[in-house]
Amino acid sequence: MSNTPKISVIMAAYNNEATIGAALESLLVQTMPDFEIVVFDDGSSDRSGLIASELNDPRIRVIGLGRNVGRAAARDHAIRAARAEIIAIADADDASLPTRLEDHLAIFAAHPEATVTYGQITSVLPDGTPHNALRFPETAAEVDAQIRRGRMPVPHTASAFLREWYLASGGYDGSIRWCEDYDLFARAWTPGTYVPDTRVGARYTIASRFPSWRYWWENERHLRAINARIQAVGRPAAGTEPFSPFLQQNSRGLVRAIELFRYVAVRLRDTLRGTQ
């Protein structure tokens, strides 16, 4: 690894001792060797940070504050400690495919307009059982259309972006505990600059075949609040506007009832299709 690596992989870890070793091992066998991994141990009470350190690879740096600050702040600390101009996101319970980093660099080299790229992902259950392929937009135009609809077009755990772009955006909003990745990509979006890769970049671990009601509700109310804040003040300014009033407005009884109806309907549909 050079003094300034070609790409920095950042990983926020909180009580991930069962999975962080495999997640890091999947990065250490990348076909493109010039990278660093910055692991932010987010106040874990288990051996997450120690497992990362015990791999004893000079490309791994473990940092932390000795307390839990949440995913958004943890990733922000790791990015600001990173040395490369390209940042790749990796989660402590997912796995990167061997050519992932090489593929990211190829996209940026071929598309000078790109600020963000990502690979496709497949999902697995916690025991490793394959679930399905999660297809995300395969063209920049499809990404743009999805953002305009207020939906998440980027698989965060398989994404990479320019450090300069991240810093200019203001970074993750530390006050958001769910969908902080969507908030970042939605706020900092410029049409045509999020360039996908059609190749699979990562295996994503899901908790179960169908999300719990709590997961659905937290995800949807935060998405609604993020979109409402952007609509109210505009994309560039959204990160400076307090988030909690928008979350409160989108957590009321009627919104909850609508989302509960959607949750039951989608779960019934998937059950009938046999896709759970």
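Trainee: What is the handedness of the crossing of α8 and α11?

Mentor: α8 and α11 make a right-handed crossing. A crossing gets that name if the near helix is turned clockwise from the far one by less than a right angle, and left-handed if anticlockwise. Before going on, note that this is a predicted model, in which local features need pLDDT of at least 70 and side-chain atom pairs count only at pLDDT 80 or more, while totals for chains, interfaces and linings use all residues. Residues are numbered from 1 along each chain as its sequence is written, and side-chain values use heavy atoms, with hydrogens and water left out.

Trainee: Why are α8 and α11 called oblique to each other?

Mentor: Start with the angle: the axes of α8 (residues 213-233) and α11 (residues 253-273) cross at roughly 130° and come within 10 Å. Axes are lines fitted to C-alpha atoms, for helices over the stretch in contact, with angles from 0 to 180 degrees between N-to-C directions. Under 35 degrees is roughly parallel, over 145 roughly antiparallel, 65 to 115 roughly perpendicular, and the rest oblique. Roughly 130° falls in that remainder, so α8 and α11 are oblique. And helices here are DSSP runs of H or I with at least four residues, strands are E runs of at least two, all numbered from the N terminus.

Trainee: Which residues of α8 and α11 meet?

Mentor: From α8 you get Trp-213, Trp-216, Trp-217, Glu-220 and Arg-224. α11 brings Val-255, Arg-256, Ile-258, Glu-259, Leu-260, Arg-262, Tyr-263 and Val-266. Contact just means heavy atoms within 4.5 Å. The residues of this contact split into eight nonpolar, no polar and five charged. For that count, Ala, Val, Leu, Ile, Met, Phe, Trp, Tyr, Cys and Pro are nonpolar, Asp, Glu, Lys and Arg are charged, and the others, Gly among them, are polar.

Trainee: What makes α7 and α8 roughly parallel?

Mentor: The axes of α7 (residues 180-187) and α8 cross at roughly 25°, and they come within 10 Å. That angle sits on the parallel side of the cut-off, so the pair counts as roughly parallel. α7 passes α8 in a right-handed crossing. Tyr-182, Asp-183, Ala-186 and Arg-187 of α7 make the contact with Leu-223, Ile-226, Asn-227, Arg-229 and Ile-230 of α8. These residues come out as five nonpolar, one polar and three charged.

Trainee: How do you know that Tyr-118 is buried?

Mentor: Buried means under 20% relative accessible area, exposed means over 50%, and partly exposed is in between (1.4 Å probe, protein chains only). Tyr-118 has 0%, so it counts as buried. Tyr-118 sits in strand β6 (residues 116-124). Leaving out residues up to four places away in sequence, Tyr-118 touches, among others, His-104, Phe-136, Val-143 and Val-195.

Trainee: Which backbone oxygens does the side chain of Tyr-118 reach?

Mentor: A polar atom of the Tyr-118 side chain lies 2.5 Å from the backbone oxygen of Pro-137. The side chain also reaches the backbone oxygen of Pro-153, at 3.5 Å. A polar contact is a pair of N or O atoms within 3.5 Å; within protein, one must be able to donate a hydrogen and the other to accept it, and residues adjacent in sequence count only if both atoms are side-chain atoms.

Trainee: Why is Thr-117 called buried?

Mentor: Thr-117 has 0% relative accessibility, so it counts as buried. Thr-117 is in β6, and its side chain reaches the backbone oxygen of Val-195 at 2.6 Å. Thr-115, in the loop between α4 (100-110) and β6, is buried with a relative accessible area of 15%.

Trainee: What is the phi of Asn-15, and what is the phi of Asn-56?

Mentor: Phi of Asn-15 is near 55°, a positive value in a residue other than glycine. Phi of Asn-56 is also near 55°, and positive. Most residues other than glycine have a negative phi.
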